[in-house]
Amino acid sequence: MSQPPASSLPARTAPLPAAAAVDGAATRPPKGTWTGFWVLLTLVLGVGLTLLLHHQQRARQLAADHAAMHELADKSYAALQARLSSSELLMRAVQTLFIASDQVTDDDFAHFYENLRPRELFPSLVALAYAARETGPDGERYITRRVQPLAGNERLLGLDISQQGRNMAALVAARESDTFSLSGPFALVQVGADGRRIPGVTLRLPIYSEGAPPANAQQRSARLVGSIAASFNVSEWIGSAFTADALKRLQIEVSDVTAAPQPLFDSDPGAAIADAGDFLRDLHYGGRVWRVSMLYRPHPERAFGWSQSLLPSGLLITLLLATLVWSVAGTQRRAVELGWRMSRRYRESEERFRALNELLPALVVLADADNGRVTYANQASRDRLGEDLIGRALPELFQDAAVQHWLHDPQGVEVSRVDATLLSESGQRFWASVSIARVELDGVPKLLMVAADITEQRQLNERLSHQASHDALTHLYNRREFERRLAEAMAAVAHGAPPAALLYIDLDQFKLINDTSGHMAGDQLLTQLAMVMREQLGPHDVLARLGGDEFGVLLPNIGERATAEAAAEQLRRRIDGYVFMWEQRTYSISASVGGVLIDQPDGVHLHELFAQADTACYMAKEMGRNRVHFYSEHDDETARRRSEMEWANRLRWAADEGRLLLTYQELTPLAPADRGGVRIELLLRFRDESGRLMVPGAFMPAAERYGLMPTIDRWVIETALSHFDQLHPLGAALRLATINLSGASVEDDALADRIIELLSLHRVDPGRVCFEITETVAVRHLSQVARFMQRLRAVGCKVALDDFGAGMSSFGYLKNLPVDIIKIDGSFIRDMLDDPVSYAMVRAATDIGHQIGLTVVAEWVTSEPVMQALRELGVDLAQGFSLHMPELVPFQRE
């Protein structure tokens, strides 16, 4: 508190020397009228001065109380802003999750919510949700697909945001501005303990598709894939920002005045704030305008009363001064004592102001502008920076050179909300948001620093950044981060850097460990191998887990291929020499390594590089596993393998894209007693991008190698049976249709049940359906094939054995297989007129087939002489391109 004006001091101190010079005369009553005059004058002056001081004291105290209340209101307003900023951090954390992965599952969202624990910071948080943008016949909608916590928020799943006007308005505003958007208040879907819907607001952020940030509103609207939202109980959300002291000493009202005023929070619903209150400020946030109004309540401990007033003391002083002429000796002592008491009251008032500043949670430091020495620090500053802070140089508190340079520059601009690293007296570092301004106090230039500790926020951001770029199990880089670093290495090579190398590592027989010892053992093995490989690599090499048991290694500046192969071989040997133990079991570990040398300045895409490494790794596995193989474009086997991989990738989506087609080839009857009716065999074709039909020989090897045959066979079966009367122009008059099955499909015990189910579902007569299996498949899976045939024949289906005679013991096992039709291998039919052995094989197969009651079919029939020879031998049916070229089934013809 400032001292009283100098002009007021003589009025109190001037009488003291005069009274001291009277030499006891004051102890005697004054004589004559002059004594009464001076006594009366003293009373008048004393009472007047006392009233003046009493008025000044009351005015200062009221001003101090008002300043304290205004400071409390400012802090409360800042706390509300901080609460909104903390909510932004929560939303940015959720947005980071969706940016880090474009395939966020319900489990990922739930785990993220559990790890972040947002309700510990925001008890008013009702729900954290993600709405996906969907376009249908009714237009564009935003459907809530993920929500946490799920308990109490089940009604949100499937909720159409476009049906909530204010919520949808916030979503559109966030999409158009690419920033936070706050909705107007509305009744949430959730209900509270009283059974009524919770009044709340939603805070929203947009989620765009992968790529560079959209540059304008049109791009943002086009690339929007969804929106994340945090729903809050608006009254609790706002109320949690204010301290108990603020709610006690301030009557606070917050309302949304963006359009029509709508109440959001009222600390005292029973009382209304007259007019606009003592504190009125508009808070612009998320496209909304909140009006914050506060009414100051008098602090009960600082109510102005007679015990604190100078009025009694002033009257007493006046009385003492009036008796000065009667008591010289006691007047000086009482005046000094009275002055001391008044000074003490002034000091106490100033100390109360200092106490308020000491209670601030922010760091407040005052330093000389000339030498930078700290002259004042509040309690928060002393706690964080050290008790001996007074006298230290202000630049020494910072680790940031930029801030230090500004403090040494007398003409530097002011620092406002800069994130900087501060150093305590013990050397401990912490992050703070710092603002520094030049001020003048009593004409002396000062530096005023106000800082807020943001260490926890920085740690949260760093933790989120680490989670976005690292694998949770092994703590290695994840695939996304590895691709980013690989792209940087490719760009460096393109600008003249030495060649680099990409290694693709796939553990051999890893599934065996998972199946025998469980997934915990597999996870532990991956963690240990991550440390083993990290020890083998150099400080600049990049190791990442790409998924499952697959790892990637980037060797920058490797130079030559021989050096890369040597490094890959050392890494393979290190893995091969590692022995994994789990619950008294010991496993030998090996890995197949595929490598690619990155030496082309341009022309190779990142995904193509991965495909080359994957191809090389598969080649290493095919050559016996536990070896290193580097990709080469001039290697015929590598080219074949890559072609198969490309076919496998195309076949995975062939059915969904409508590229698989069925054709039929008719079988020609040879026996004159044949009862008629058309028999066909269904053949598969693949339609490429140019519309050409590819024969099975082009893509079947890839389908068999990559395990796609069961999926293709099931598509053929389901398509054929669901359109059975549309397989041939004769429709329902079709006598028999044959469907080919692969060995992998025969191994599926559930396939026979599925076929029987489809026959019943589509009302197809089983006697009109025949399933064909090659002889080599039958020999390799004899017992499974026998069970499969018996299951189908039990319901009336027929079974054909294709390529009969190609095996070494065809006649020996034929009597043990429950078949209805044998199809003689085409190589014998083609050569039967020129090769006596082939002719004998055809005759023997026909005789034995008829002996056990089977229908005999000849494949690859090419001419009329061959047809005549087959008739003479008694072959029942003939098939070949010369007899009938395959045609598209009617229901698939354009």
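**Reading paired strands in a predicted model**

Biologist: Let me start with one residue pair. Which residue in strand 10 is the bridge partner of Asp282?

Modeller: In strand 10, Asp282 is paired through a bridge with Arg291. Please keep in mind that this is a predicted model.

Biologist: How many bridges join strand 9 to strand 10, and which way do the two strands run?

Modeller: The rule is that two strands pair if at least two bridges are found between them. Here, strand 9 and strand 10 (residues 288-296) are joined by seven bridges and run antiparallel.

Biologist: What is the order of the strands in the open sheet?

Modeller: The order is 8-7-10-9, four strands in an open sheet with antiparallel pairing. Strand 8 (262-266) and strand 9 (279-285) have a single partner strand each, so they stand at the edges and one side of each lacks a neighbour in the sheet. On average, neighbouring strands of this sheet are turned by 20 degrees against each other, direction ignored.

Biologist: And how should I picture the side chains along a strand?

Modeller: As a general idea, side chains in a regular strand alternate between the two faces of the sheet.

Biologist: Let us move to strand 5. Is strand 5 mostly covered or mostly uncovered?

Modeller: A residue counts as buried when its relative accessible area is under 20%. Strand 5 (residues 197-208) is mostly covered, with ten of its twelve residues buried. Across the protein, 45% of the 894 residues count as buried.

Biologist: Which way do strand 5 and strand 6 run, and how many bridges join them?

Modeller: They run antiparallel, and nine bridges join strand 5 to strand 6 (residues 224-233).

Biologist: Which residue takes a positive phi in the hairpin of strand 4 and strand 5?

Modeller: Gly195 does, with a phi near 85 degrees; the hairpin has five residues between the strands.

Biologist: Stepping back, how many helices and strands are there in the protein?

Modeller: There are 30 helices and 32 strands. Among contacts with a separation of 6 or more, 63% come from residues 24 or more positions apart. The protein's accessible surface is about 45200 Å², and 54% of that belongs to carbon and sulfur atoms.

Technical notes:
Residues numbered from 1 in each chain as written. Predicted model: local features only at pLDDT ≥ 70, side-chain atom pairs only at ≥ 80, totals over all residues. Heavy atoms only, no water. Buried < 20%, exposed > 50% of the residue type's maximum accessible area, 1.4 Å probe, protein only. Contact = heavy atoms within 4.5 Å. Areas by Shrake-Rupley, 256 points an atom, 1.4 Å probe, with all protein chains shown as cover. Axes fitted to C-alpha atoms, helices over the stretch in contact; angles between N-to-C directions.
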